[in-house]
Amino acid sequence: MDKKEVRVRFAPSPTGDLHVGNIRTALFDWAYARHTGGTFIFRIEDTDRERVTDEYIQAAIDTLKWLGLTWDEGPEVGGPNGPYLQSQRLDLYATWAAKFLEQKDAYKCYCSADELEAVREAQRAANQAPGYNGNCRDLSADQIVKFEAEGRKPVIRMRMPDGGTTFTDLIRGEVSFDHNFVPDFVLVRGDGSPLYTLAVAVDDVLMKVTHVLRGEDLLSSTPRQIRVYQAMGVKPEDYPVFAHLPFVMGQDNTKLSKRNGEVSIAWYRQAGYLPEAICNYLALLGWSPGDDLENISMKELTELFTVERVHSSPARFDMKKLEAINGDKIRALTIDEFMTWALPFLTQAGVISGTPEELALVKQALPIIQERITTLAEIPPMLKFLFVKEFAVDADSLPKISDSQSKEVLKVSYEQLQSLGDWTHESIEGVLRAALIDGMALKPRIAFGAVRIAVTGSHISPPLFESMQLLGRDKSLARIKASL
RNA sequence: GGUCCCGUCGUCUAGUGGCCUAGGACUCUGGCUUCUCAAGCCAGCUACGCGGGUUCGAAUCCCGUCGGGACUACCA
């Protein structure tokens, strides 16, 4: 695009756990930085300290790390343009606000919240566009003295000049706003703390951000941001390039929320989704590589990602497709990788405590369940039968082996298996097939079904003969005997 | 209400005037395979919001219309 080094930032305001929408933005920011060989900056927008907490900030950092979206400048790693928490940059904002005041780009506004609300109320009633009416734009010295004497705490408000703002959005093309619909806006609160409108622009300039990829909800605040650049004396050719990403919405076409799909990335993490799957799926929301390629790695994403290919229309979040991709990613894991992901789920579920024997058994068992699960959370219930101390058949499966035919199947199985020489899944299968299918003329699903329930406790299990081999001769036989 | 953005199968998307009787993926349905569940394979259903133009020709360009969303804070 140009020879200037690309600098992109992800700047969330952690008022809660990072959610699907945030992360999709972070992912695109990251992918763009990596694609261009630029710098990825992570900045925390915590000017609203009533809503942003340290816990949420830490959670945001953890989530980004877990997803593999590493940053070049930001919390923990630092960088030449820090600090990267807006709450630690307050003096910077104050300095610029004072300068704007001095330049008459901004002015003190003494209107109270109640007065402003009354104005808006009247505007709404009169069917006019609600917005600041410019009441304090040109206060006389006397009026200021009077307000000050009343003890009013002024906010600092930016003066929007007549005219309009036009800028080129990388995704939407040329976008224009008439300043008649962009009222003078507040930069600094009555208590002296900065607002997003001030901090975001100051930081983007000071951090030399070249590309602002962010949510579409910020599109209409862009003229205000550009206004601050002007007041800071930034030349138009040095403004960052904007690209407003389309929304990620819930199933019912409303904003994604608890009601129509989980939003918190932390939830997906503990539900057993792989970071690569989440990123792969999210990358497909509002962007596509162009051909029929869909299952891509993080590396491929950075190679293929361009802003030009980002959509301008919103996308609906589809859990089913995420599940499908997650299953694909799990199946593509090597056993060692799969092991690494599986262990925490098994220990947390209390299925294993982590002894070397258990680990060895898990490693042997993982291959037979790898293609049967879509999330890691499905592992514990599926392997539980191998480790459980006090075995019992599931209540809903018990009736299925209580009939006389099942009893007969189990009896024959027990007798045949007892004299089996080598305990391998091939030999187990051979013996049972001969005795039950050939000998008793039963359908495989009927015959093996009974054994399955007796041995694994459920009518749904990993492949029976492999399961029996892993369980071992003693336990397998004991369970069959117990169900006779 | 105003301003701005958006509009291809149920969903995510391919498509930038002829290769489109619109392709892929997920879902769903049916089938094959099969020791359960999966996985895999095959088949099927279903879309260019609507109306006008421009053009020999439009999903692709223009206008209108309808619909959806965002913003309209001393939130971000």
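**Stop one: the RNA**

Select leucine 464: one of its polar backbone atoms is 3.4 Å from a base nitrogen of RNA strand B (a polar contact is a pair of N or O atoms within 3.5 Å). This is a predicted model, where local features need pLDDT of at least 70 and side-chain atom pairs pLDDT 80 or more, while totals for chains, interfaces and linings use all residues. Residues are numbered from 1 along each chain as written, chains are lettered from A and ligands numbered from 1 in written order, and side-chain values use heavy atoms, without hydrogens and water.

Next, pick arginine 51, where a side-chain N or O atom sits 2.4 Å from a sugar or linking oxygen of RNA strand B.

Now show everything around RNA strand B: 64 residues, with Arg51, Arg172, Gly286, His311 and Arg372 coming nearest (near means a heavy atom within 4 Å). Of the RNA atoms within 4 Å of the protein, 73% are sugar and phosphate.

**Stop two: H11**

Which helix gives the most to the surface near RNA strand B? H11 does, with four residues. Asparagine 326 lies in this helix, residues 319–331 (helices are DSSP runs of H or I, at least four residues).

Asparagine 326 counts as buried because its relative accessibility is 0% (buried means under 20% relative accessible area, 1.4 Å probe, protein chains only). Its side chain reaches the backbone oxygen of glycine 272 at 3.2 Å and the backbone nitrogen of leucine 274 at 2.9 Å.

Technical notes
Helix = DSSP H or I, 4+ residues; strand = E, 2+ residues; numbered from the N terminus. Buried < 20%, exposed > 50% of the residue type's maximum accessible area, 1.4 Å probe, protein only. Polar contact = N/O pair within 3.5 Å; in protein donor to acceptor, adjacent residues only side chain to side chain.
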